[in-house]
Amino acid sequence: MSLGDRLVAAAYSVGWVVAGRAPERLAAWVFRVLADLLWSRRGKSVLRLESNLARVIGADPSDAAVRELSRAGMRSYFRYWMEAFRLPSMSRERILSGTVAPGGQAIFDNVDSGRGAVMALPHMGNWDMAGAWLVHKGYPFTTVMERLKPESLYERFMAYRENLGMEVLPLTARGGGSAMAFGTLAKRLRAGRAVCLPAERDLTDSGVEVDFFGARTRMAPGPALLAVQTGAALLPAILWFEGDGWGIRIHEEIPVPAEGTRQEKVAAMTQSLAEAFEKGISEHPEDWHMLQRLWLEDLQPRHTGTP
């Protein structure tokens, strides 16, 4: 393990211990100060967040409104981490009473009927808290997770989410390559269970191109493809922070088109997902934690030809 990997693992270990044991108000204040410090330094992540948010609100990245929104965005992002470190010790009552979930009955109805449900969501709010809410409502689910570095950090996050009641599948195998998660997800859906998947960023060649806030990007095809192949309901989910609590909005089901090839159906459904995400992100832009490049025109051009 490299020195950098050891430092990352150590930082997360400290976070779990310190944030988990400190009084909530003190922990919230510390993480807000850290967010403001990082925001004031205007590093690459903050500049990228501002560029992304500028597209969302239709402004220039240098606009004062974008700058202020990015500050709220960093505070939201750091709140997610503060809560993640504290979530294992948070009571079931606090999670259930602090969460509002308009449209959530659609999840319960589809799972109770044995049909299964795919919740597709952007990186917003506190997705771990939303998962804990769903588990506490009596609906355990399956999700996937990218393989983090170092491996010890990845294993700790796997254990953390499994202890919250989630079934977590690795997105890739230990040595790289497919971990065959799709087949397991399809099996769970055919058994009438719930699956939750992040979906607004997939810049691989298998991603589906969509229009998103007026520009092209690629989104994950998995949620739509699972719905097409298993008959499960595809439900867009939007997450945000609601005061001291949390919001989860489940949008209306995206139906499978009656005509077209499987690829055409997946493309149309993924575009519908993008439109639902646009609506949710526009309503809660400060809670969209997209600190990476997303739109295709923002990616660095690939070098072709001889050096």
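Mentor: We will take the model as a whole, then its ring pairs and the charges over rings. This is a predicted model, where local features need pLDDT of at least 70 and side-chain atom pairs count only at pLDDT 80 or more, while totals for chains, interfaces and linings use all residues. Residues are numbered from 1 along each chain as its sequence is written, and side-chain values use heavy atoms, with hydrogens and water left out.

Trainee: What is the mean pLDDT of the chain?
Mentor: The mean is 89, and 87% of the residues reach 70 or more. pLDDT is the predictor's confidence in each residue, from 0 to 100.

Trainee: Where does pLDDT stay under 50?
Mentor: Over residues 302-307, for which the model has 1 contact (heavy atoms within 4.5 Å) beyond four places in sequence. Where pLDDT is low, the predicted coordinates should not be read in detail.

Trainee: How many helices and strands?
Mentor: The chain has 11 helices and 9 strands. Both are DSSP runs numbered from the N terminus, helices being H or I with at least four residues and strands E with at least two.

Trainee: On to rings. How many aromatic pairs?
Mentor: The count is 12, where rings of Phe, Tyr and Trp (its six-membered ring) pair if their centres lie within 6.5 Å; planes under 30 degrees apart are stacked, over 60 edge-to-face, and the rest tilted. In one of these pairs, the rings of phenylalanine 212 and phenylalanine 213 have centres 4.9 Å apart and planes at 65 degrees, so this pair is edge-to-face.

Trainee: Are those two buried or exposed?
Mentor: Phenylalanine 212 is buried, with a relative accessible area of 0%, and phenylalanine 213 is buried at 15%. Buried means under 20% relative accessible area, exposed over 50%, and partly exposed in between (1.4 Å probe, protein chains only).

Trainee: And what does phenylalanine 212 form with tryptophan 295?
Mentor: A stacked aromatic pair, 5.9 Å centre to centre with 25 degrees between the planes. Phenylalanine 212 lies in strand 6 (residues 208-212) and tryptophan 295 in the segment after helix 11 (262-283), so the pair ties together parts 83 residues apart in sequence. Both residues are buried.

Trainee: Which residue lies over the face of tryptophan 295?
Mentor: Arginine 55, at 4.9 Å from the ring centre. The rule for a charge over a ring is NZ of Lys or CZ of Arg within 6 Å of the ring centre and within 35 degrees of the ring normal. The charged end of arginine 67 sits over the ring of tryptophan 39, 3.7 Å from its centre.

Trainee: Which residues do ring pairs link into a cluster?
Mentor: Phe31, Tyr77, Phe78, Tyr80, Trp81, Phe85 and Trp127.
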